[in-house]
Amino acid sequence: MSSDSKALGTFLKARRARLTPRECGLPETDSARRVAGLRREEVARLASISVDYYTRLEQGRVRASASVLATLARALRLDEDQRKYLYDLAGRADARPRRRSAQRVRPAMRRLLDQLTRTPALVLGKRLDILAWNPAAAALYTDFGAIPPARRNYLRLLFTDPEIRRMHADWAHDAREAVAALRMEAAADPDDPDCARLVGELSLQDPDFRTWWAEHHVNDAAYGTKHYRHRLVGDLTLDCDTWASPDGSGQRLMILTAEPGSASHDALLILTSWATPGAEAPAG
């Protein structure tokens with residue numbers, strides 16, 4: 001018996017021990033149960049497989065097919081994480097189309113945005129979608145609220161919005177790094193239809209995007225320096241730090257700051273004072 005087969009059997013036993021016949025729609029019996037939870041024959045009945053086959057599966061003497069794993073996942077009432085674990089232990093790919101829930105900003109991310117009154121900050125989701133922003137970020141970049149939610153994507157704006165493109169003093173570097181970040185994300189979720197649509201759209205519209213996407217350059221850098229030429233406050237050199245959410249949602253908090261006492265710091269304070277009610281610009 002391989003270690004994975006043994007682990008799979010242990011997982012199946014542990015899971016059926018946590019279920020009751022009533023939870024699974026099975027009739028209760030008056031006879032005393034010698035095991036906690038479901039019996040092997042009850043799991044086999046729920047999964048429409050033979051008791052002998054299920055027994056050998058728990059004992060690690062047979063490898064489950066993808067179709068059997070699917071019925072077992074339903075029979076044992078596995079959630080998404082448990083289902084993935086089941087398939088990983090069995091060494092099989094889950095062929096079921098993944099349901100993709102709408103991206104929603106985590107409450108903790110929203111609270112952070114609300115507290116960063118003098119610092120431009122964005123919440124980026126999958127595919128670099130812009131999920132939320134604070135007034136300082138809108139003052140730095142653009143009025144994100146005027147952009148339809150389906151078009152509110154950092155990479156798309158970087159390539160298609162003339163004003164945002166112009167404000168990047170080193171646009172080619174910044175855009176290529178953003179493409180590399182999307183390329184890395186696409187590798188982690190190659191079946192994402194929204195990512196495929198974004199790549200297709202930008203490939204048709206921009207030859208630079210086509211070139212950089214074909215290079216397969218990847219980058220997951222969490223920090224860097226941005227050089228901007230802002231239409232209102234002039235040149236800005238800002239540190240860009242990105243903090244990933246620990247919940248696996250793919251959401252990241254992107255924060256832009258300037259060295260205290262620098263010209264960029266003063267310019268950023270002026271810019272954010274216009275965007276934040278009650279804020280004061282630095283004394284001249």
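Me: Where do I start? How many helices and strands does the protein chain have?
Reply: Start with the overall make-up. The secondary structure of the protein chain comes to 13 helices and 5 strands. Bear in mind that this is a predicted model.

Me: And how much of the protein chain counts as buried?
Reply: Of its 284 residues, 42% count as buried.

Me: Okay, aromatic rings next. How do I describe a pair of them?
Reply: You give two things: the distance of the centres and the angle of the planes. In this structure, a search of the whole model finds 10 aromatic pairs. One of them is W171 with W212, at 5.7 Å centre to centre and 45° between the planes, and that pair is tilted.

Me: Which helices do W171 and W212 lie in?
Reply: W171 lies in helix α10 (residues 171–188) and W212 in helix α12 (residues 207–215), so this pair ties together parts that are 41 residues apart in sequence.

Me: Are W171 and W212 buried or exposed?
Reply: Look at the relative accessible area; under 20% means buried. W171 has 11%, so W171 is buried. W212 has 12%, so W212 is buried.

Me: Which residues do ring pairs link into a cluster?
Reply: That cluster is made of W133, Y141, F144, Y154 and Y228.

Me: Which ring does the charged end of R183 sit over?
Reply: For a charge over a ring, you look at the distance to the ring centre. The charged end of R183 sits over the ring of W213, 3.9 Å from its centre.

Me: Let's do helix packing. At what angle do α4 and α5 pack?
Reply: You need the angle and the distance between the axes. Helix α4 (residues 66–75) and helix α5 (residues 80–90) pack at about 150°, with their axes 10 Å apart. The two helices are therefore roughly antiparallel to each other. The crossing of α4 past α5 is right-handed. On the α4 side, A66, L69, A70 and A73 meet R83, L86, Y87 and A90 of α5.

Me: And how do the axes of α2 and α3 cross?
Reply: Helix α2 (residues 40–47) and helix α3 (residues 51–58) cross at roughly 115°, and their axes come within 9 Å. These helices are therefore roughly perpendicular to each other. Here too the crossing is right-handed, with α2 passing α3. R40, E41, V43 and A44 of α2 make the contact with V51, Y54, T55 and E58 of α3.

Me: What about backbone angles? What should I look out for?
Reply: Most residues other than glycine have a negative phi. Now look at S48, which is not a glycine but has a positive phi of about 60°. S48 is found in the loop between α2 and α3, and at 68% relative accessibility S48 counts as exposed. H216 also has a positive phi, near 60°. H216 sits in the loop between α12 and β3 (223–230), and counts as exposed at 52% relative accessibility.

Me: One last thing: which residues does T119 touch?
Reply: For this, leave out residues up to four places away in sequence. T119 then touches N134, A136, I255, L256 and T257. The place of T119 is in the loop between α6 (107–115) and β1 (121–124). At 18% relative accessibility, T119 counts as buried.

Terms used
Residues are numbered from 1 along each chain as its sequence is written. This is a predicted model: local features need pLDDT of at least 70, side-chain atom pairs count only at pLDDT 80 or more; totals for chains, interfaces and linings use all residues. Side-chain values use heavy atoms; hydrogens and water are left out. Rings of Phe, Tyr and Trp (its six-membered ring) pair if their centres lie within 6.5 Å; planes under 30 degrees apart count as stacked, over 60 as edge-to-face and the rest as tilted. Helices (H or I, at least four residues) and strands (E, at least two) are DSSP runs, numbered from the N terminus. Buried means under 20% relative accessible area, exposed over 50%, partly exposed in between (1.4 Å probe, protein chains only). A charge sits over a ring if NZ of Lys or CZ of Arg is within 6 Å of the ring centre and within 35 degrees of the ring normal. Axes are lines fitted to C-alpha atoms, for helices over the stretch in contact, and angles run from 0 to 180 degrees between N-to-C directions. Angles under 35 degrees count as roughly parallel, over 145 as roughly antiparallel, 65 to 115 as roughly perpendicular and the rest as oblique. A crossing is left-handed if the near helix is turned anticlockwise from the far one by less than a right angle, and right-handed if clockwise. Contact means heavy atoms within 4.5 Å.
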